[in-house]
Amino acid sequence: MQSPCLKEASQACIHGCGLIPMLSLPESSNSRAGPTFTDTVAASRVEFATSTTLSLDPNIQFTNPESLPSLTESFYPFSEAYPLYSKTEFADRIRREDYNHLSVSNHVCLDYIGLGLFSHSQQEPPQSSSLASTSSSPPPPPPQYSEFPFFEVSYKAANLSSQILYGAKESELESAIKRRIMDFLNVSDTEYHMVFTANRASAFKLLAESYPFQSNKSLLTVYDYESEAVDGMIEKSKKRGARVMQAEFMWPRMRVHSTKLRKMLVSRRKKKKGLFVFPLQSRMTGARYSYQWMNLAQENGWHVVLDACALGPKDMGTLGLSLFKPDFIISSFFKVFGDNPSGFGCLFVKKSSAGILETSATDRSIGIVSLIHANDATYHLVSDSSSSFSGPIFPQMRKDRSSNSDRNNKRSEEIARPGDTFTDTKMKQKLQPSSEIVELEPQTTNSAALRSLDNADSITCKGLDNADSLGLILITNRLRCLINWLVNALMKLKHPYSEKGIPLTKIYGPKIKFDRGPALAFNVFDWKGEKVEPSLVQKLADRSNISLSYGYLQNIWFSDRYEEEKKIVLEIKRHEDEVVGGVSKMIRGKGNPGVTVVTATFGFLTNFEDAYRLWTFVAQFLDADFVEKERWRYTALDQKIIEV
């Protein structure tokens, strides 16, 4: 009998809207799909591209921010171009009822990609749970005690191999959350072990320190952007004797250089190749890669790591991933909507592959954690007056998005390590509100959240439930409409008074494309054609209550055709940030050349107004004096530090 996930994934493919492309490798000419099916899919994609261009008047280029149509005027042609979007109204209802803090704060959250675990409604007391947001009556602000987390994490002194083979007995809380996550990700506990980690970076490092690189020499990664989590794995692997290789991406669409990647995967060396780390899609450009690269890798003796951190809710339920079983899976439940809990990472190890893991050089690995009830963590805070810190201090620390989203997540996750000990005196002073940790009464902890945890068998993971209720097809259609509309809208912004019309933005990776991912990498250029510093764009977006990030594209391959452009666009990888007038500048020196970009990512709760607000914000750069006006406005408010 076909499982519900597999059935839904099959339907997604039949309707042409499967989130992960069901494609053979580019070099393969064999296909089971008949010509009729192929022609139908091709025609539907052409029709989709045509509809996208019609979602805004195709004969108009916008050269003045004041000339943009209003939200209402923009939504009508959008809904006409994408009739499927109206069928996703249930997602808007979920946003109003369970994530009303986004409306109350008037905040556009586009600075992360990932999975949600809890929702804002779980932070409300029972008497206010019925006061969900409606179109006519906004909800009251959340109560003060919503600052407390639902659970905490505690570090374990164990290495990965021993944790999998001889792990200690789990608490009811851990078992319940583990079952819920594995069900949500369509991962079977009969096939995989699951380990909680402090964050995404910890999961990569744990795997690197346990994998047998002495016999399986190679590490091959497929990332078109700088990732501190992956870089940490690379450095750890090099120290253990690994030979590191990286896939390259063809300019300007940032497609995988398939010829080179195939050559690395199917080299004629001995069968024991090594570790192949594959993300399925870029969390910056939205470029997607066929899951069959993983199949090719396993056929040629590689152990496969699926990085699921860039995948959205229900993506693991697509047909390809329902059939293909990687050796390792890394996922992250960090930075959920709302400040609490801060989250954690997950490392899945296929039981048939667990035997290859080695015991690390040290008895204690850094990164494996346990989950603790919030009330237990509160008592821990009361009883421990040392330099350990617990959850309530940390939500206010997650405001820094001054570098790429992967780096921000790592930095924020490292700061928010409940129960960890800080040796840096300045950091301790920054985190600790007074010379002593304030004693907190247990009853001040979020009682509504605790009720869902008291009975571990009935734990409520509202964010996962919300995604389940929407399903793969609905989420896919919603994101496809929004991201492609935004791409089209950004490409229609042109600087005035130029013969050819200098584009305001440049988009890196796929543009209007039926199966592109919900992430977007772009840069803003002034009327002279000079790039506006991405960190500056992010700071100005913050003032408009829009959260963006910026990152660094790398491993770029230029053909001879783009040799001249290569000299213009490439920068040198930054080694550190030099703050000049509050703006991070590139430090030029030795490093991996690449391109610094602004990034925006959409989740299943993103709506049309979010996309529209980002468009109108970017359009303000059509005003040649926009940056100077913002600088004056900032100093006019008697600010002591000029950040622009």
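The legends below describe close-up views of a predicted model.

**View 1. Strand S4 and its two parallel neighbours.** Strand S4 covers residues 218-221, and both of its faces are covered. Ser218 and Leu220 lie on one side of the strand, Leu219 and Thr221 lie on the other, and all four side positions are buried. Strand S5 (residues 243-246) runs parallel to S4 and is joined to S4 by 4 bridges. Within this pairing, Ser218 stands opposite Arg243 of S5. Strand S8 (residues 274-278) also pairs with S4 in the parallel sense, over 4 bridges.

**View 2. The crossover from S4 to S5 through helix H9.** Strands S4 and S5 run parallel, with 4 bridges between them. Between them the chain passes through helix H9 (residues 228-239), and this β-α-β crossover is right-handed. H9 has 12 residues and reaches 17 Å from its first C-alpha to its last, close to the 16 Å expected at 1.5 Å a residue. The buried residues of the helix are Ala229, Val230, Gly232, Met233, Ile234 and Ser237. In an α-helix, residues three or four places apart point the same way, because there are 3.6 residues a turn. Just after H9, Gly241 takes a positive phi of about 95°.

**View 3. Two phenylalanine pairs with contrasting geometry.** A search of the whole structure finds 25 aromatic pairs. One of them is formed by Phe276 and Phe278, with 5.5 Å from centre to centre and 25° between the planes, and this pair is stacked. Phe276 is buried, because its relative accessibility is 0% and the cut-off for buried is under 20%. Phe278 is likewise buried, with a relative accessible area of 0%. In the pair of Phe621 and Phe626 the ring centres are 4.9 Å apart and the planes stand at 75°, so this pair is edge-to-face. The angle decides the label, because planes under 30 degrees apart count as stacked and those over 60 as edge-to-face. Phe621 is buried at a relative accessible area of 6%, and Phe626 is buried at 6%.

**View 4. An aromatic cluster and a nearby arginine contact.** One aromatic cluster is formed by Phe48, Phe62, Phe75, Phe78, Tyr82, Tyr85, Trp485, Phe514, Phe608, Tyr612 and Trp615. Phe514, one of the cluster members, also meets a charged group: the charged end of Arg480 sits over the Phe514 ring, 3.8 Å from its centre.

View 5. A disulfide is a covalent bond between the sulfur atoms of two cysteines. A search of the whole structure finds 0 disulfides. For Cys346, the nearest cysteine sulfur is that of Cys309, 8.9 Å away. Cys346 is therefore in no disulfide, given a cut-off of 2.5 Å between the sulfur atoms. Cys346 is buried, with a relative accessible area of 0%. Cys481 is buried as well, with a relative accessible area of 4%.

View 6. Most residues other than glycine have a negative phi, and most peptide bonds are trans. The peptide bond that joins Trp251 and Pro252 is cis, with omega of about 5°. Pro252 is placed in the loop between strand S6 (249-250) and strand S7 (255-256). Asn106 is not a glycine, yet has a positive phi of about 55°. This residue is in the loop between helix H5 (101-104) and strand S1 (108-109), and Asn106 is partly exposed, with a relative accessible area of 43%. Asn555, also not a glycine, has a positive phi of about 60°. Asn555 lies in the loop between strand S16 (549-554) and strand S17 (556-557). At 10% relative accessibility, Asn555 counts as buried.

**View 7. Pro593 and its contact with Ile572.** Pro593 is found in the loop between strand S19 (583-585) and strand S20 (594-601). The residue is partly exposed, with a relative accessible area of 34%. Pro593 and Ile572 are 21 residues apart in sequence, while their C-alpha atoms are 4.5 Å apart in space.

How values were computed: Residues numbered from 1 in each chain as written. Predicted model: local features only at pLDDT ≥ 70, side-chain atom pairs only at ≥ 80, totals over all residues. Heavy atoms only, no water. Buried < 20%, exposed > 50% of the residue type's maximum accessible area, 1.4 Å probe, protein only. Pairing = 2+ DSSP bridges. Right-handed = clockwise from strand over helix to strand, strands pointing away. Phe/Tyr/Trp six-rings, centres within 6.5 Å; stacked < 30°, edge-to-face > 60°. Lys NZ or Arg CZ within 6 Å of the ring centre and 35° of its normal. Expected span 1.5 Å × (residues − 1).
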